[in-house]
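Hello,

Here is the structure I promised to pass on. My notes on what turned up follow below it.

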Amino acid sequence: MGEEAPKQNGPVETSEINGPADPATAQDDAEQTDGAAGSRLKRRQSIRDAITGIGDLVLLDPLTEEAMLSNLRLRYASDEIYTYIGLVVISINPYKQLKAYSPETIQEYRSRNVYETKPHIYAIADSAYRWLRDKHQNQCIIISGESGSGKTEASKIVMRYVASVCGSEKEVDRVMQMLLQSNPLLEAFGNAKTTRNDNSSRFGKYMEIEFNFKGEPLGGEITNYLLEKSRLVAPGEGERNFHIFYQLLASAAASQMQSLRLQRDINLFHYLKRQAGGGDDSGLNDKASFKEVEQAMVAIGLKKQELRGIFRLLAAILHLGNISFTRLEKVDEDEACLVENRQAVQDVSFLLDGEEGVLEKALTQKTVDTFKEQVTVPLNVEKATYARDALAKAIYGRLFNWLVQRVNSSIKVTSQGKRKSIGVLDIYGFEIFQTNSFEQLCINFCNEKL
């Protein structure tokens with residue numbers, strides 16, 4: 001007996017029973033199927049656009065200012081904070097935590113074309129990294145916008161993405177962790193609470209990450225621009241001074257506070273109490289932030305002696321702000337002044353390892369060079385106060401520059417060979433105040449040029 005033919009399970013295609021179908025008919029059917037699928041895809045896309053807005057403003061029709069703002073508002077209401085304009089991404093600060101930065105999301109954007117996925121800053125970061133790795137071309141990501149728009153957070157998101165996709169070897173992890181740890185340290189010394197932003201960058205930062213030919217990070221370099229030193233001596237109303245002062249007073253150990261001759265009440269320090277409503281009600285966790293700063297200091301390799309020097313300089317600046325002056329009668333037709341509270345002078349001199357008399361003389365007198373001799377001229381109260389503030393700003397500015405240099409020394413590239421880089425520019429935002437300083441003019445002008 002012959003074997004029984006196997007039973008056919010499920011539907012049988014017509015071509016298997018009746019022979020091959022007519023090629024022209026098959027092609028027409030395929031085109032109709034593709035056309036129907038394309039129509040369904042377009043309808044779904046149209047419905048999605050109607051709900052969440054169009055992902056690329058180039059596709060708006062008509063392309064008007066009103067239509068653009070309406071589309072951005074629609075996307076923002078759906079927690080779609082990213083929108084393209086071609087290869088530029090607009091980011092709108094949601095002022096809340098979004099589930100848009102998980103490891104799964106990183107994998108979703110890894111090695112994908114910009115337009116294959118929804119608009120996201122990850123797509124921009126991935127495109128820059130792949131161009132560097134595959135085409136060996138240097139890249140730069142410019143982050144610009146109004147104060148409080150989320151530029152600093154965006155730069156950190158870019159850094160974290162690059163850290164996640166560029167490899168997992170021990171040396172790669174070490175380099176990227178050093179780069180990432182520099183953020184909380186520089187933010188503590190260079191950021192402050194303003195009326196529009198709890199963590200506003202008050203300096204410009206260009207971070208350059210250098211890679212080898214395989215796309216593995218070797219190190220980097222940070223360049224800082226235009227630190228807002230005027231904030232140190234005159235924070236705006238309702239704003240805070242730089243974060244590090246509040247973090248130090250809130251978190252330092254009692255023994256350290258005693259050695260620095262500090263007390264925890266910010267209202268005891270002239271440079272911290274001048275602003276209204278910018279202290280305890282700021283909503284910032286200074287204690288937790290100070291722990292991050294200490295961890296960052298250890299990570300970049302700061303020694304105990306260096307840490308001691310940093311905190312002594314910070315304390316000296318706070319005590320320097322407490323030095324006040326009293327008016328004297330005219331001396332040879334020139335107004336003069338004297339230091340009113342000598343304890344502050346003693347504290348500053350102790351912390352700076354200087355002499356009280358030298359400091360007092362430097363604050364209340366100036367030396368003028370003539371053709372024949374040097375003439376000492378007394379300062380009035382206003383000019384002495386200006387000299388005090390100028391000294392405080394000079395100390396803080398040099399401390400900040402030294403910190404940046406110290407970070408750079410820990411992340412600089414030591415190996416030889418060809419290198420490519422990704423640069424991330426985070427320039428602090430443009431603002432318009434009732435009274436605008438020269439520094440603010442420079443900031444706004446720089447943003448306009450960008």
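Leu314 touches Phe189, Ile244, Phe245, Leu248, Tyr396 and Leu399, leaving aside residues up to four places away in sequence; contact here means heavy atoms within 4.5 Å. Please keep in mind that this is a predicted model, where local features need pLDDT of at least 70 and side-chain atom pairs count only at pLDDT 80 or more, while totals for chains, interfaces and linings use all residues. Residues are numbered from 1 along each chain as its sequence is written, and side-chain values use heavy atoms, without hydrogens or water.

Leu314 is also among the residues with the most contacts inside the largest nonpolar core, together with Phe189, Phe245 and Tyr396. That core has 97 residues, a core being a set of buried Ala, Val, Leu, Ile, Met, Phe, Trp, Tyr and Cys residues joined through side-chain atoms within 4.5 Å. Buried means under 20% relative accessible area, exposed over 50%, and partly exposed in between (1.4 Å probe, protein chains only).

Now for a helix. In H14 (residues 342-351), the buried residues are Ala344, Val345, Asp347, Val348, Ser349 and Leu351; helices are DSSP runs of H or I with at least four residues, numbered from the N terminus. After H14 comes Asp353, with a positive phi near 55 degrees.

On the cysteines: the count is 0 disulfides, taking a disulfide as a pair of cysteine sulfur atoms within 2.5 Å. The cysteine sulfur closest to that of Cys446 belongs to Cys442, and at 9.0 Å it is too far for a bond. Cys446 is partly exposed at 30% relative accessible area, whereas Cys337 is buried at 5%.

Best wishes

Terms used
Helices (H or I, at least four residues) and strands (E, at least two) are DSSP runs, numbered from the N terminus.
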